Amino acid sequence: MKRVLLAAVLTATLSGCALGQGGVVTGQPLPSGAAPADACAPQNLAAMAGKPVSVAIAANPGLSGMAAGLDRAGLRALDDTPALTLFATSDRFLATFPFQRIPTLWDDPEELARTLKQAAIAERLDPGRLPGTHTTMSGTRAVVTTDAGDLRVNDTKTVCHQLDTANAAVYIVDELVPLR
């Protein structure tokens, strides 16, 4: 069975979680019929600027599932890493994921952390340096290519490029990224 990068799956358990006051993830699902926020909307990208990576992710309402996963996995420590590249899965993808919960992963914060680290590279890479093969923080490979001006990680298109936070370059994807 082919494993997939589940920065998405870790957060699929919280598909469409809501943010409370101060950007704190509530873990509550969106109201019925509510659409997830657009992670790439200018105001959501602006909310991320200059903040440590986990705080920046939490500040973007279109990345609430990713924020909840980082919290659950105890990965706020990524804020102390001086330079990162992170492929963050948007809530738009999570809202359409074919299943709602992955209890085994969600109930095991250590496994969740290992899974999320598959979406992180311990080096800040701008788009010019991103193409190539990189080892993720979990030891898997991220192969980044360009195709007609689009950046792809393991053949999955990034929808927002190089969102700068205080310590990370964040690239947003709207689908699963296959592992290599």
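Modeller: M66, G69, L70 and R72 in α4 meet P109, L112 and L116 in α7, where contact means heavy atoms within 4.5 Å. The residues of this contact divide into five nonpolar, one polar and one charged, with Met, Leu and Pro counted as nonpolar, Arg as charged and Gly as polar. This is a predicted model, in which local features need pLDDT of at least 70 and side-chain atom pairs count only at pLDDT 80 or more, while totals for chains, interfaces and linings use all residues. Residues are numbered from 1 along each chain, and side-chain values use heavy atoms, without hydrogens and water.

Colleague: Why are α4 and α7 called oblique to each other?

Modeller: The axes of α4 (residues 64–72) and α7 (residues 109–116) come within 8 Å and cross at roughly 130°. Angles under 35 degrees count as roughly parallel, over 145 as roughly antiparallel, 65 to 115 as roughly perpendicular and the rest as oblique, and therefore α4 and α7 are oblique.

Colleague: What makes C40 and C160 a disulfide?

Modeller: Their sulfur atoms are 1.7 Å apart, and a disulfide is a pair of cysteine sulfur atoms within 2.5 Å, so the pair meets the rule. C40 lies in the loop between β3 (25–29) and α2 (42–46), C160 in strand β9, 120 residues apart.

Colleague: How do you know that β9 pairs with β10?

Modeller: Two strands pair if DSSP finds at least two bridges between them, and four bridges join β9 (residues 156–164) to β10 (residues 168–173), which run antiparallel.

Note on methods
Helices (H or I, at least four residues) and strands (E, at least two) are DSSP runs, numbered from the N terminus. Axes are lines fitted to C-alpha atoms, for helices over the stretch in contact, and angles run from 0 to 180 degrees between N-to-C directions.
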